[in-house]
Structures are given as C-alpha cells and as structure tokens.
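Me: Hi! Could you help me look over the aromatic contacts in this one?
Reply: Happy to, let's have a look together.

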Amino acid sequence: MAPPAHSSRSPSPSQPSGKGEVSDLKSQLRQLAGSRAPGVDDSKRDLFKKVISYMTIGIDVSSLFGEMVMCSATSDVVLKKMCYLYVGNYAKVNPDLALLTINFLQRDCKDEDPMIRGLALRSLCSLRVPILVEYLVGPLASGLKDSNSYVRMVAVIGVLKLYHISSVTCMDADFPAILKHLMLNDRDTQVVANCLSTLQEIWTAEASNSGEASRERDALLSKPLIYYLLNRIKEFSEWAQCLILELVAKYVPSDTNEIFDIMNLLEDRLQHANGAVVLATIKVFLQLTLSMTDVHQQVYERIKAPLLTLVSSGSPEQSYAVLGHLHLLVMRAPMLFSSDYKHFYCQYNEPFYVKKLKLEMLTAVANESNTYEIVTELCEYAANVDIPIARESIRAVGKIALQQYDVNAIVDRLLQFLEMEKDYVTAETLVLVKDLLRKYPQWSHDCIAVVGNISSKNVQEPKAKAALIWMLGEYSQDMQDAPYILESLAENWDDEHSPEVRLHLLTALMKCFFKRSPETRKALGIALAAGVADFHQDVHDRALFYYRLLRYNISIAERVVNPPKQAVSVFADPQSSEIKDRIFDEFNSLSVLYQKPSYMFTDKEHRGPFEFSDELGNLSTEANVSAQKVEADDKDLLLSISEKGDSGFPANGSAYNAPSYDSSKSLSASSTSSDLVILETGVLHQASPSLAIDDLLGLGLSTTPAPAPAPPLSLNPKAVLDPGTFQQKWRQLPISLSLELPVSPQGVAALTTPQALIMHMQGNSIHCIATGGQSPNFKFFFFAQKSEELSKFLVECIINTSSSKAQLKIKADDQNSTQAFSVLFESALSKFGML
Amino acid sequence: MISQFFVLSQRGDNIVLRDYRGEVQKGSTEIFFRKVKFWKEDGQEEAQAPPVFNVDGVNYFHVKIAGLLFVATTRVNVSPSLVLELLQRIARVIKDYLGVLSEESLRKNFVLVYELLDEIIDFGYVQSTSTEVLKSYIFNEPIMVDAARLTPLGPAAIFMQGSKRMPGTAVTKSVIANETPGKRREEIFVDIIEKISVTFSSSGYILTSEIDGTIQMKSYLTGSPEIRIALNEELNIGRGGRSIYDYRSSTGSGAVILDDCNFHESVRLDSFDIDRTLSLVSEILATFELEPGASGQTADFKEANKKIEWNLKKIIGGSEQTLRAKLTFSQEFHGNITKESGPVSMTFIIPMYNASGLQVKYLQIAKKSSTYNPYRWVRYVTQANSYVARL
C-alpha cells in the first residue's frame, strides 16, 4: 500500500503537523458526503488528494475512514481510485472499519463498467484482513468468469492474494483448479501469465505438505503445457515471456529433436531489446544443451554478440547485470571470449561497479596472446585518480601474473608500480609481489632488490605490512637490513593495531632467527615477550607456541616454522566446483551477481519453484562453506598444502575459533597449549604427517589407529532416522570415506526413474532420506544402521549422467566399519546394474 | 516478482512508495538509503554502490534516473536484469505520462503515479509497461511542471535547445496531455541517437572505438496507425564472412554494417531482411552497435575534483582550439607526471550528424485520408560516450 501510516520520518516543518488539518478535512468531507450538487465531484477530488498526500508524507488520516467511505458513493473513477488507495492503506490496521468498505466494494464488483469491476475486485483482495476472506470468494469466482479480460486478470492475481491471507479458504473454494482451466483456455495472454505465476506460487508453497500439490507443480513442466506456451510466446508481453522462458529452462526434453525445435523457435528472442528476455532465452539454451558438448559450445558462440550488445547499449545498471552473467560464462569458457577482450576495457565515465566487473573479465580472458595488451591497459588504470579502480587494476595485474606462465613483463611492471610512490599503489603491489614470490621464487632477486628500498614507515595497510614482513622473514638472508627493520617493528609492538601484522611479525622473526640468529636474538626476545602478553588470543597462542618450541629444540623448531618449501603451483580456488555448478544452474538470477547459490541469501519460504531438496542440498554444501571459509581466511597466508608447515599453524588461527575453543576460559598456559595441539594435529595429519609433531610435544597423542580387520557387517532393514537428525549428524561427522565410481550406461538409463534405485537400495537395508538435483546431476542421501547397534552410516551419492560418474561421501558414527559399509553399498549399487 | 517499489530523492526523501506484498519491513527505505549513501568497497574504500545488493535477506535494486533513485525490493531470487529493466521502464512510463521526470513533477502528480503503479504491477507481478496499453486504465490528468527550468535529460534533450526548426516538445509533452481535440498536433518523432566511444593511446593510436546507437520513436498520432521506417538498403548485420578490409572500404559509400542489433517488442521485422524496412504500430526502440573509425572532431573539456574542465559552446568544423594549463605541485613529485596528469576526456554533441551513416530513407504512415499529413521529424545526433585521449 501507499506510504506507511506511522512513518518514522517526521514531517518536515513546512508540512502540516496533522491534527488540525485532519479534523478540518473531516468536516469538509462530511459536508460533501450527501451532496448531489453539480461540481461536487471536483471538490471531492481536491479533498481526496489532500488526504492521500497527507497519507504519503506519513500523517495518520485513518480517522477519516468513515467519511471517505461515505464519499465513495460516486461514479467518478478518479475518486473511486483514490478511495481504494486509501482503504487499502488503512484496512489492515483497522479491520473493523474495513468491514464498512466491504459493502461498497462488493457492489462495485458488479458495476457495469469493467474498469470499476476490476478495480473494486483488486481493492477487495488487497484489504489483507483475515476475518473478511469469506467476502472474497464470491466476487473472485465471478471475476474469474467475467467476460472482460481486465477483470479476469485482476481476479487471477486476487486468488493469489486470497491464498496468502487464508490458504484454506483458497483451496476449499477450489480456485487452483479453475486457474488451471483458465491457463489452458483463456484467450488473453496476460490472464494466462497470471495463472501461471499464481499456480507456481501456490503449488510450490503447498508442495511441502501435499503430494498432490507437488504433482501439480511438476505438471507445470509437462510437455503439453510447455508447448502450448512456447507456441504462443510472441503474443505474451515481454515480462510474461520471461516467466515462460524461466519455466522452459527447467523442462527436460525427451530427445535432441525436441531440443533443436525449442531452440529454433526461440532463436529470435535473442534479439529482443529487453535484456531480461535475452538472458532468460540464453538460460534455456544453456540448460537444454548441457549434455551436448558441441552444441553447447555453439550456443556460447551464438549468445556472445547479443550479450556484448546488451552490455554497451543499456543503462549502466543493466550493463552490470549482464556483465555479471558474462563473467560467469567467461569463467566456464575463457577461450571463447579471449579475442573480445577490448569490449571489457573500462570507459572513462562508467560507474565503479561496472568497471570492477570489467576488470574481473579482463583477468578471466587473459591468455598468452592478449596478456601484453591487457596488462598495458590495466597499468593505465593503476595511475587513475579513482583510487578504488587503481587498486582493483593492480590486483587484476597480479591475478593475471599468477595465472600466466610467462610473467617477465608483468613482474617488471609490478615493480614499476612501487616506484610510483603512492601509498595505496605500494600497498596493493606488495601484497601481489608476496603472492608472486610464493609461486615464482626464481624472481626473488629482482623483487627483493626493489622491495628492500621501501621504507616500512610508508606502508600502513595491514595486508601490505604483513606482506612486507613476510618477505623480510622469508628472504632475510638476502636483505641486509631485515633483522633491523623487524627489530624496530618489534620494539613498537604496542603501536601495531592489526593482529594479522603481529602474527606475521612473530613468524618472520622466527625465520630470520634461524638464518641470522646473532642479529635477531634480541628482537625475537622482545617480540615473544610482547606476544605472550598480547591480549589477542591468536597472537598470544602463537608466541607461546614458538617459545615452547624453541625451548624444546631449536632445530626441530626450524623444521616446523621454516621447512624447505615448494613453490605454490596453483592457488586454491575459494569456490568449490559444486557451488559454481549451482550458481550456473541459477543463471539469470541474483545468485550470479552475488556469486553465491540462492540458499545462502534467501529464506526457505522465498525460494522459487522447483528447487528440490533444499534442506539436504543445503547441508552438504554447508560443509563446503565452512571449509571454504577457512580457505578464504587463510588465503593470504597459505594456499597450498605444501606450505602449511611454514606459517601453517598460526595462520590457521582463524579456524581455531571453532566451537570447542573458548578463548576466554583457557588462559592458563597448560590448557591453552593442549587445546592448541589437539586442534592442530588434525590439520597436520592431513598436511604433513612426516613432521611427527605428536612426539615433539611429548603429549603422547597417538596417530589414528589402523583400521581393525573389519567384522562382517549387517544392516538393520528397518532402520529409522528423521531428516532433522540426519542433517545434524551430517553436519557433525567428518567424511570418513569419499570415492568416485564409474556408472554404467544401464545405470544412467535407469536413472530416468530414480524411484527404482531407491526401492532397490531399500531392499539392501540402505534407506533413502532425500533426493534432488536435475539431469545430469542426481543427488541422493542415504542412511543405514548396523543391525545390532545404533551406529549409523550416512551417504551422499551424486550421480552425474553426462560424465557417467558417481561420487560417494560416506560419514559414519563408527569410522572403523566405513570400509565394510562402503563395500556393501557398492555391491548394492552394482546389483542394480549401476556400476 | 517484487515486493515494494519506491522513489527517493537525492536526499533520501520518500517521494513515492508502493508496497505490493507486505513481505519487507517498513524501514526498508531508510536501510536502503543508508547503504547506498555510505557504500564501502571491501569494507574500506568508499565507492558507488552496485545496483543490486542484499541486506538481511532483502534484495534491493536501484537505478538512478534524473537524479532520483528508483528502487525495488524483494526477498526472492529473481532475475536482476528483469527488475533493473523494469525500473527503467517504470521511469519511462511515468515520464511519458507526466511529460517531465523530476521530484517536483512526481510530487505534484503522485495520485497519477500511484494509479500507474497499480496497473503496472499487481501483487509484485508485472502486468504491463506499455504506455499505449496503460492509457485505457488511467483516469487522472497530469499537472504539468515548467520544463524550461529543468536540466536536460539524455541525448534527445539537445533538441530542446531552442533550435527553431526542431520542436523540443517530444521531450516534455505528456502522452495524455489534455489538449483540446481540434488543436492537438499530429506529429511523430524519430531520433537516431549515436553514442561514440573512442580511446586514443598516448601516441595517438586508436585503442578502441565503438558506436552504440538507438532509433527512438515517439508518436503523438491519433489512432495508432501503422508506421514504416526504411533504413539504408546496404545495411548488414554481423560481420558474416566479410573481412575487415571489405568493411573499411565500404564506409562512406552508403553501406552500413552493424555488429549486432535488437528490436523492441512492437517492431515487425517481416520485410526487414528483404528491403530493410521496419513496421510497427506504436512505439519503437531498436538498438545497434558498430565500430567504424569514428570521425567526430569537436572538442570540449571536463572538470570536477582534480580535473580541468574546458567548455566550448560551439566549435566550427575544421577549426582548432588550444588550452594551456600549468600544474603546480604542493610537494616534490617523483612519478611520471605526463601519465598522471591524463587522460583527457571529451564530451560533445554533434547535432544533425551521425557517425555510422545509418539513415532513415523514408518514414511512411498508413494514411487515414488524403488530407491526413502529420508532422514527421527525423533527427540525428551524435554524442560522445567516452572519448578519451591518454597522455
């Protein structure tokens, strides 16, 4: 409804304060209410306008309700419309008064003018007053049968409004069935489109508690309906076309002929001036051809020009939305766009958000043939007065350097940035040089020579400072002044506000100490003392840890803190491929711009139709999310396992904030260190078991026991587990086994009816708790229980029919029997003909 | 599907607010405005907020038009390009009906605006954004505001600048203006607007060049007659198998090659492939894009903070203008001064010229009677989009 009745914004001084004016209006309205004098409608219009304008600026005019309703007995449409607007705004807060309006609205629903019928019906349904729903059913039912399409259009949406006020009333009146009929038979396309929107919303909401509703929802994807809509698509408005295309993208055609028919039919939609239609069409093309590699590639070629046109022809906001989608496509097929890189050069007058995406595109399309030109262009932006863009450009140069094999020219230019002597340029460049050195240690001489000239006083940003300190520690043997620079930083420990920098300083001093101990001894002492006294938990822990390590054995300490390193070959991608695929599935939605699948930013009840088994899909990815978060936290310090031995421990500090660690409680030294160790060993086992840290600390932690010879495993055929517990367990348990199996062609074929697989597994005492996904990715969650005890097994099984692979993740209460269970599971799958 | 629509002034005042679904809390306008106003990139650097962002599960979409913020909210994962396009269209429809789009005109006409908003969207679902279709549902009359005081909007606004041959009315006239029936002027405007983007390297070499153009049509003809527009006969879309050499040699001889183009819903392309004519019943919008070597040679300078602005009202073709500027630094400067002082960006408008050579050969209106002869205006303009020379 129009503005809130009780706005928090107080009216500005020039505006009427309310009370006096409202009572004036009241008496004036009263005078006009019964009058039939000529020109009375014009005076009413003026008064109504005043009322509405008060309402807009937040003055409460609800006390005029009675008078407004009295004055609404008129044939003047303009007056009626204003009255409807008013009533709609206040009915919800004044349900008793709303009852007053029912009479005149119901009467208007039978007016001879279809405009009035439609308007009255819309207002009636917009009252949002639960006690009045019984008055809606009659007018809605006749509205759906009205001879005028405007009234039907309004009535269809009215049904949806009713559903949101009282779903029971709506279902009892059997409105969905009427809409279904209307959708297939009405001549007016907007009526059809509204039926589709309404039914999608209703069936999706009902699907969770009614099998029938879920079937009805799936029936929206049936071939006859899809074809019916597709054949008439050009008669629909551009917005309704988007709705239909969105539906078609979910449709699974039975053969390739069908796919080509649909694509030919929709081909000209790619030339539509409305970017939303073009993107929705592209989604259809991409989804339909997912399993047809060659055609899929052709689709990319085909959609390139329309996308590039949309980027440059629309508003900057529209360019942003399209660029986000282009970026997603470029990430999937960088080669395809590599010759179009000039389209992604930034224009002088573009807003920041467009430029930023363009920089990401340039990074993504850079390859051997175009890198030189792209980097040259990026260097121009680095000198830009627009600081955020200058920063982003430098980062882009760095990213390109990290993904290229031939970096000579890039390193030179990065080092030139340092000569520009601008603080923010220097800061960004230092971070990059550090990453670059971790990948290409062979450049250390060139870089160190330049970095050595930078005064640490000119570097204030924590990330940059941390990078500089890392280099000082790492290359302390080559940098003459390293121990002294580090020493002066240690002496000013208290001035350093960023814990990240203090952590790096500790590690750098350790490294420096191992190489040049006489010069560093003093500084390290200062830093360790300050570190142990540090209020920041991670800094405190790291200092204490180093201190004990040094006391225990210096050469072992060196092996832990500064082991020989291998260059990082590939920096970890912060996004798992599963998340990327999900985002691709959600093409033409916000997921693409946010670079997150929808479950990460949408409440459950606001998800769109056809998002299957959210809960469990959710849960499996949640595990990834936390893993991803750890990776992201660590990204600046360590990105490859081979380096974890180095700054590995402390850097993982951010991951320590895991639930079991309560920093406030465990300030006493012994408990701190043991907590630390326990948490650490998990990491170390994966990272570098050869380090034998267990013994080093003498805490007698045993390594994971070798799996005992597996006893024959039998499963409980009647095991039960509710989804809630499943989710909880899935979240808590670590993955005890994950494997990938090839799937036979029969297996792929059998998945056309996933139900069969579920039944079969059930026969083997392995129960399915949820399924989801869509071709080619099917996802199943199974559980099983040992026959003689409560111990359970949880399985996530993803079967990709296009790559013919099945990925299993098994989690178990009793890890020792995982192997035995996996054998059972595999044999059950192969008995089904899956493997 | 959207939940709310609102328009805020630059100061964050609520001008129009329509809550379609009641799913988003009341304070959303304040939340939105604070976020946009103090947007921080990566939590540190101040930057322009992106057109789409999420706060506590609510997605906010906005576009800036005529200094106003047009905003939509939703909790659903919708197509961003749909909502952003919709906001543009709502703004266009409102402008069509009010004649001018400004805070003042919106405030004066808010009842009409609400009337429009109720017909454009119902319960969050778009019903129609066609100015033509909406006419039959709209009963309020616009209260006109004085257009002369307003800053011009968009490239077509140059036609307002007092040229006698070119009436500027198309820009500021409401489609439902209450003119007396007999006096209503039958007229139709076809504007060919081209925006050119060129970047020169410091050595004067053209790094990128591009033209984005649109043909916009606005019709004040009664009865929506069919209209045919014929473009150059030698008009090719897409490079096809032709080499760049072919295409270069053909410019100037009347042939035009478009990389790509798209068309408004209402355009019928039945005979476009045969004789390059477009026919339509009401409004039209076609967009095209191409990259010839652009040849606009006027100059003009830009300013703000840390920028030198140089304005020239008019430049005669073939003449040369020079500006000397002296830079004084407050402290010793080490970097590359030439590089740091650039780039030079030019903004200019060339009326009655279009760089691509695309032409409207004829504009035909289906006749109602032999005396029916409406005014037809075909206007060309080239505008600099991003015309940059690096130093």
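Me: Let's start with chain B: what lies over the face of B:Phe123?
Reply: That would be B:Arg21, at 4.2 Å from the ring centre. Keep in mind that this is a predicted model.

Me: Thanks! And over in chain A, which ring does the charged end of A:Arg332 sit over?
Reply: The ring of A:Phe584, with the charged end 3.5 Å from its centre.

Me: Now ring pairs. How many aromatic pairs are there over all chains?
Reply: Searching the whole structure gives 27. One of interest is A:Tyr320 with A:Tyr353: the centres are 5.3 Å apart and the planes are at 80 degrees, so this pair is edge-to-face.

Me: Where do those two sit in chain A?
Reply: A:Tyr320 is in helix H18 (residues 316-332) and A:Tyr353 is in helix H20 (residues 352-365).

Me: Is A:Tyr353 buried or exposed?
Reply: Buried, because its relative accessible area is 7%, under the 20% cut-off. A:Tyr320 also counts as buried, at 10%.

Me: Back to chain B, how are the rings of B:Phe348 and B:Tyr387 arranged?
Reply: Edge-to-face, because their planes are at 80 degrees, with centres 5.0 Å apart. B:Phe348 is in the loop between strand E19 (344-346) and strand E20 (349-351), while B:Tyr387 is in strand E22 (residues 375-389), 39 residues apart. B:Phe348 is buried at 4% relative accessibility, and B:Tyr387 is buried at 5%.

Me: Last one: which residues form one aromatic cluster with A:Phe780?
Reply: A:Phe782, A:Phe793, A:Phe821 and A:Phe825.

How values were computed:
Residues numbered from 1 in each chain as written. Chains lettered and ligands numbered in written order. Predicted model: local features only at pLDDT ≥ 70, side-chain atom pairs only at ≥ 80, totals over all residues. Heavy atoms only, no water. Phe/Tyr/Trp six-rings, centres within 6.5 Å; stacked < 30°, edge-to-face > 60°. Helix = DSSP H or I, 4+ residues; strand = E, 2+ residues; numbered from the N terminus. Buried < 20%, exposed > 50% of the residue type's maximum accessible area, 1.4 Å probe, protein only. Lys NZ or Arg CZ within 6 Å of the ring centre and 35° of its normal.
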